[in-house]
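Student: I have a structure open and would like to go through it with you. Where do we start?

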Amino acid sequence: MLDETKSGMPCAEFDVLLTEALDNALKGERRERFEQHRLTCAACGTLFAEASSGLALLNELEEVAPPQSLVHNILAATSEAAQKSAKVAPQDSVWGRLGRQTKAVFAPVLTPRFGMSMGMAFFSITLVLNMAQIRIKDLTPHNLSHTFYSSENKFMKYYENMRLVYEIESRVRDLRNASEESEREREEQNRHREKNNNQTQEQNENNVPEQRHEYSRGLEAQLLALSGNEWNLAMQRRAI
Amino acid sequence: MDEAQVVAQLVRRCAQGEAAAWEDIVRRFHRRIYNICYRFAGSPDDAQDLTQEVFIKVYRSIGSFDGAQASFNTWVTTVTRNLLVDHFRKTRNERATDSIDAAQGADEDGPTLADRLAADGTENPQRHVESRERREMVHGALQQISPDLREAVILRDLQDMDYREIAHVLKVPEGTVKSRINRGRAELARLLQRTYRQAL
């Protein structure tokens with residue numbers, strides 16, 4: 001809208017002249033150009049209508065009466081502030097300046113949110129200390145060192161006990177593993193032996209029919225030989 | 001002695017620690033400051049608190065006022081505006097997105113209908129009620145427009161400050177002030193038009 005130029009006037013100029021026009025401060029040739037632009041530019045025409053309507057509405061607003069007590073309250077507040085500053089003034093030498101500087105440094109920390117977090121942290125720590133049955137007055141250097149050494153002692157004992165338990169446990173495990181292995185070996189040996197026995201038996205059983213076969217073949221040969229001899233004898237007898 | 005000279009003398013006396021001068025300043029300016037705060041913040045309670053804060057700030061820093069740079073009126077308005085902007089930033093999260101309807105009942109501390117009727121008994125009471133309702137709607141709509149536009153419109157149309165003074169208070173060029181005023185007025189009209197349409 002503001003880049004357009006209509007009726008020889010850019011919209012930006014119309015925007016600036018609009019306040020003067022609504023104040024009835026725009027006269028002569030400028031007023032004519034302004035009116036021409038208003039009639040030819042739709043956006044500026046709408047702006048004029050809305051702005052004049054808004055101005056009319058705002059003119060209806062009247063000044064409101066402040067509460068009766070306001071002046072009294074202001075005077076009371078300012079006199080209080082004056083008293084405070086009067087009290088603060090003598091400290092303004094070194095401590096006052098130091099306090100202000102410290103305040104400025106800690107200003108980001110001194111917020112309600114940070115205070116709330118600190119409160120929660122304190123509450124948690126107190127709760128933990130209570131649960132652990134630790135009293136604040138016990139937290140002297142002597143007590144702390146005593147607590148430290150006794151805790152260390154307890155921890156060392158616990159550590160030694162645990163080590164012993166683990167060592168025994170590992171030994172027992174080794175023994176159990178060793179006995180299981182020896183059993184397994186024995187079983188394997190037995191199984192092997194049985195296997196061997198079975199194999200020899202099978203071999204023996206397989207050899208018997210062959211021997212029988214050979215034997216029968218020998219008998220047949222003998223029988224054949226015998227029958228041959230008998231044949232020969234019979235032939236000889238016949239010849240005789 | 002004109003008004004500006006009287007005020008300048010009061011300020012000088014006040015800076016020297018004269019309590020009566022300070023009281024005179026408070027009585028002269030409290031109404032104006034209260035109205036700026038009320039139109040900007042929207043609620044009478046906030047306006048009262050903010051007005052007190054403005055005067056405490058003015059009281060503390062009145063020694064730093066330089067009449068050569070700006071009038072006391074402009075200076076006090078600048079202090080008020082800065083405080084209102086701070087207040088707006090601080091309460092941004094707390095502020096609910098109030099509708100225009102919600103803000104309608106805010107004008108509690110303003111002149112009552114009875115006051116207005118007493119002031120002009122010849123007018124029709126029905127018209128008074130309508131006029132009051134319309135004013136409340138305009139006040140509610142004013143809270144809906146952006147703070148940049150709102151402050152420019154308040155200073156120009158409700159406080160009758162000239163563009164140069166407003167530019168000094170807002171620390172922006174005069175052209176920007178005029179543009180903000182135009183946009184603020186147009187935005188207000190659009191908002192109220194929408195509200196009327198919804199109501200119908």
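Student: Which residues in α3(A) meet α10(B)?
Tutor: In α3(A) they are A:L47, A:E50, A:A51, A:S53, A:G54, A:L55, A:L57 and A:L58, and in α10(B) they meet B:N182, B:R185, B:A186, B:L188, B:A189, B:R190 and B:L192. Contact here requires C-beta atoms, placed from the backbone, within 7 Å. Helices (H or I, at least four residues) and strands (E, at least two) are DSSP runs, numbered from the N terminus. This is a predicted model, in which local features need pLDDT of at least 70, side-chain atom pairs count only at pLDDT 80 or more, and totals for chains, interfaces and linings use all residues. Residues are numbered from 1 along each chain as its sequence is written, while chains are lettered from A and ligands numbered from 1 in the order in which they are written.

Student: At what angle do the axes of α3(A) and α10(B) cross?
Tutor: They cross at roughly 80° and come within 7 Å. The axes are lines fitted to C-alpha atoms, for helices over the stretch in contact, and angles run from 0 to 180 degrees between N-to-C directions. That makes α3(A) roughly perpendicular to α10(B), a label for angles of 65 to 115 degrees.

Student: And how many residues does each chain give to the contact?
Tutor: Chain B gives 37 residues and chain A gives 28. On the chain B side, the elements with two or more residues are α2 (19-41), α3 (44-61), α7 (125-144), α8 (147-158) and α10 (174-199). The largest share of that side, eleven residues, is from α10(B).

Student: Switching topic: which residues touch the most other members of the largest nonpolar core?
Tutor: A:L58, B:C37, B:V138, B:L188 and B:L192 do, in a core of 64 residues. A nonpolar core is a set of buried Ala, Val, Leu, Ile, Met, Phe, Trp, Tyr and Cys residues joined through C-beta atoms within 7 Å. A residue is buried if 20 or more other C-beta atoms lie within 10 Å of its own, exposed if 12 or fewer, and partly exposed in between. With eleven residues, α2(B) gives the most to this core.

Student: What is A:L58 in contact with, leaving aside its neighbours within four places in sequence?
Tutor: Its contacts are B:V138, B:V153, B:D157, B:L158, B:R185 and B:L188.

Student: Why is α8(B) called largely enclosed?
Tutor: Because ten of its twelve residues are buried. The buried residues of α8(B) pack against α3 (42-60) of chain A, and against α2, α4 (72-90), α7, α9 and α10 of chain B. After α8(B) comes B:D160, with a positive phi near 55°.

Student: Is B:P173 buried or exposed?
Tutor: B:P173 counts as exposed, because it has 11 C-beta neighbours inside 10 Å. Its place is the loop between α9 (163-170) and α10 of chain B.

Student: Last one: how many helices and strands does chain A have?
Tutor: Chain A has seven helices and two strands, and 9% of its 240 residues count as buried. Chain B has ten helices and zero strands, with 40% of its 200 residues counted as buried.

Note on methods. Two residues are in contact if their C-beta atoms, placed from the backbone, lie within 7 Å. Angles under 35 degrees count as roughly parallel, over 145 as roughly antiparallel, 65 to 115 as roughly perpendicular and the rest as oblique.
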